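Work through the exercises below with the sequence and the coordinates open. Each task is followed by a solution in steps.

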Amino acid sequence: MNLEECYLKLGGDYAGVVGRLRSERLVQKFLLKFPQDGSYRLLLKSVGEGNAAEAFRAAHTIKGMCQNLGFTALEKSSSALTEALRGGSLAECGKYLPAVRADYERTAGAIAEFEKSLQG
Amino acid sequence: MQKRQAKERILIVDDSEMNRSILADMLSDEFETEEAEDGEAALAVLAGGADRFSLVLLDIVMPKADGFAVLAEMKKRGMMEDLPVIMVSSETASEQIERAYELGATDFIMRPFDASIVHRRVLNTIFLYAKQRKLVGIIEEQIREKEQNSSDMVDILSHIVEFRNGESGLHIRHVRALTAFLLRRLIKKTDRYPVSEQDIPVISMASALHDIGKIGIDDKILNKPGKLTEEEYGVMKTHSMIGANMLQELSVNGGNPIVRYAYEISRWHHERWDGSGYPDGLKGDDIPISAQIVAIADVYDALTSKRVYKPAFSHGEAMKMILSGQCGAFNPLLLECLSEDFGGIRQALAASGAETAAEDIKRRLGPLPSARQAASDRTLKLLDYERMKFNFFAELSEEIQFEYTAADDLFKLSPWGAKKLGVPQEVVNPAADPALKEAFGVSGWFKKFESLIQKTSPASPEFKHECELPIGGARRWYNIFIRVFYSDAGAAEGVIGKIMDVHDTHLAMSELKEKSIRDPLTGLLNREGAAEELKHKFNNFPAHKYAVAVFDVDKFKNVNDENGHMFGDRVLKEVSERLVHGTRVHDVCARIGGDEFLIVFDYVTELRPIIARVFKTICGEVDGCEVTVSMGVAEMTESGQTYEELFKLADAALYAAKEAGRGAYVFASDIKNIVPHGGQTEGGE
């Protein structure tokens, strides 16, 4: 699996991100870092603890990273969740979180597969 | 001063490690980066030394303190003046962006970001601020250099302001004089203030810097002809603080008393006695006495001087306006000092009219309308740099560069030029200078120089001239370029120029030119070369008698066919040699076609014997082959006949000679009703 195929799999904009960051090497470097970022775990934890403000920031951070990395699918769902949480209430959360969860897993899965193919 | 060699340092504030590291990677080639993971961490880093950074990239949504909180805190701590902040966020709501700008952010970059955009914005912002810091640096450097002569320094600095806002140098001198005058009277009146007689020159000198902060004000606002808007006025008001900041950086390095007083004056000369002034709203004697005095001197001189927007008020009118509080509130004691001795004021102001050294230089340079505007940005350091650069290139170019000013009758040479000529760099009255005369090796060289100047005009002030000069004993070819400066009235006031040794190029060019006008086989001129030469002859010696002869080798085609081209060439060469032998140096001989030749005779008495002799010389045996020619001749029968006309007649006569059976010459004047031919004959029939 190459980098472009990985983007295809996770529903991202490969051409866009390479155009912006000007280097495949950089894209790969940051893509591989993505699963290490704690924002997603923080999001789930905050939602579980009922901390809407913290959940908002975590969702916002995920959205920002996705924008930078061109993870279009996850960006869309996390963006919707961010807006739902902006008001400081978790009421709407249930409506948007499942999509974020699905997209995150799809993204993380694609990256894991890509990383594996690098080692193999 | 910010050193260019050091990499500029950027603080990246973002809660996402990945976002920070993307930015850091984008910028790592050119900048040092430091990172902070939230607003609190950022403020802690900045508290440890904000001046280490040239820029902050700041996220908005962050835990602990968010981006807005960071901006607000930075503003409160007075960091925004020197440290630009670019917001980086995925917030797209316009009120968020608006709020960031309101809090003093310089720019806003939206996520997802493009490496080249981030790069460009960061660079632009850093340059913008670097310029401001550089100005501070320039002044600092100037002051260090000029510490020995503080008066010069003050003159120079105040002239920077003056250049920039088109204010007259007189205002600054007046404020100085009034400051000294008021101080002197005040000291007599009271010992309430910690100033003594010996502080007077220092404070009055420092007063010249009261508006130094205007360097930092945008040209457009500073020189706006009309009334300022409220916003613009707000910007204008920052000049007192900008000046104070500049001077404060200086006072750290040495604490020169002039700089200390200048700081007080710059910062507080718009404060008012009743607390209604700016920037700090100080009241009464909380305002340092130096600033109080300059404030009143500034206002008084503004009132009593003519400005574009107002006439000059008399002392009485001005005093009335000041005393009635129309121009703000002042220390009553100072008002007393100002109002009780009009004679003293008049005397002080008159004495201040004497020129300072800088004024004098400016006057000697004359009015430089465009330079005046430009001087605001260049400043002295850049001028120094330009001068250094100029000298460097002048040295490398190995040209004699010179400058002449008519008013001083002064001839100046570049160091290299002076060395080359073996004369001093500056020569007064160059026309009579024996060293220059010997160097140029031409008596009356100055007259020739003047004649070059006369070839220019205000509309076309440049001129280039090529000539041979025996500089240093050897005659060589030189190119002289001059640029003449004309006054508005059209008088030549000065000249700059250079003399370049082009000898080698010139020789190469002449050789090439020689090649282009010569026939390679016979060495005679070709058709173009002959035309050139004849044009020159006919133009320069129109009174001479000329005759044109055209001839070709009889049956040259047969000669070629029977004996081969090599032999044909041999015949042409032989004919050419005979031709050169048979004619005189000032006759022009040319091979103008295959076997077709041209002679232009420049003769004095009788033509016919000459033709007979030349014709006889040309004809004769070449390696056992009898060679004859047919020739047509046309002499000038009336003055003003051109070469072309003569050529056509000669050509027609040549035809007649061929018709008559070849091997003969025919004069056009002997043929009745001669019809000139087209000018071309088919050679080698």
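The model is predicted.

**Exercise 1.** Determine how strand E3 (residues 55-58) of chain B is joined to E4(B), and in which sense the two run.

Solution. 
- Step 1. Count the bridges: E3(B) and E4(B) are joined by 3.
- Step 2. Read the direction: the two strands run parallel.
- Step 3. Pick out one pair: Leu58(B) has Met87(B) as its bridge partner in E4(B).

**Exercise 2.** Repeat the analysis for E4(B) and strand E5 (residues 107-110) of chain B.

Solution. 
- Step 1. The pairing of E4(B) with E5(B) is parallel and extends over 4 bridges.
- Step 2. Within E5(B), Ile109(B) is the bridge partner of Val88(B).
- Step 3. Helix H4 (residues 94-102) of chain B belongs with E4(B) and E5(B) to a right-handed β-α-β unit.

**Exercise 3.** Find out why strand E4 (residues 85-89) of chain B is described as largely enclosed by the rest of the structure.

Solution. 
- Step 1. Sort the side directions: Val85(B), Met87(B) and Ser89(B) point one way from E4(B), while Ile86(B) and Val88(B) point the other way.
- Step 2. Apply the cut-off for a buried residue, 20 or more other C-beta atoms within 10 Å of its own. All the residues named in Step 1 are buried.
- Step 3. Conclude: 5 of the 5 residues of E4(B) are buried, so the strand is largely enclosed by the rest of the structure.

**Exercise 4.** Classify Phe127(B) and Glu644(B) as buried, partly exposed or exposed.

Solution. 
- Step 1. Locate the residues: Phe127(B) is in helix H5 (residues 115-145) of chain B, and Glu644(B) is in helix H27 (residues 643-659) of chain B.
- Step 2. Phe127(B) has 12 C-beta neighbours inside 10 Å. The limit for exposed is 12 or fewer, so Phe127(B) counts as exposed.
- Step 3. Glu644(B) has 14 other C-beta atoms within 10 Å and is therefore partly exposed.
- Step 4. For Glu644(B) and Ala531(B), 113 residues apart along the chain, the C-alpha separation is 9.3 Å.

**Exercise 5.** Describe the contact of chain A with chain B.

Solution. 
- Step 1. Chain A contributes 18 residues and chain B 15 residues.
- Step 2. On the chain B side, helix H1 (residues 17-27) gives the most, with 5 residues.
- Step 3. By type, the chain B side has 7 nonpolar, 3 polar and 5 charged residues.

Methods: Residues are numbered from 1 along each chain as its sequence is written. Chains are lettered from A and ligands numbered from 1 in the order in which they are written. This is a predicted model: local features need pLDDT of at least 70, side-chain atom pairs count only at pLDDT 80 or more; totals for chains, interfaces and linings use all residues. Two residues are in contact if their C-beta atoms, placed from the backbone, lie within 7 Å. Ala, Val, Leu, Ile, Met, Phe, Trp, Tyr, Cys and Pro count as nonpolar, Asp, Glu, Lys and Arg as charged, and the others, Gly among them, as polar. Two strands pair if DSSP finds at least two bridges between them. A crossover is right-handed if, with the strands pointing away from the viewer, the path from the first strand over the helix to the second runs clockwise.
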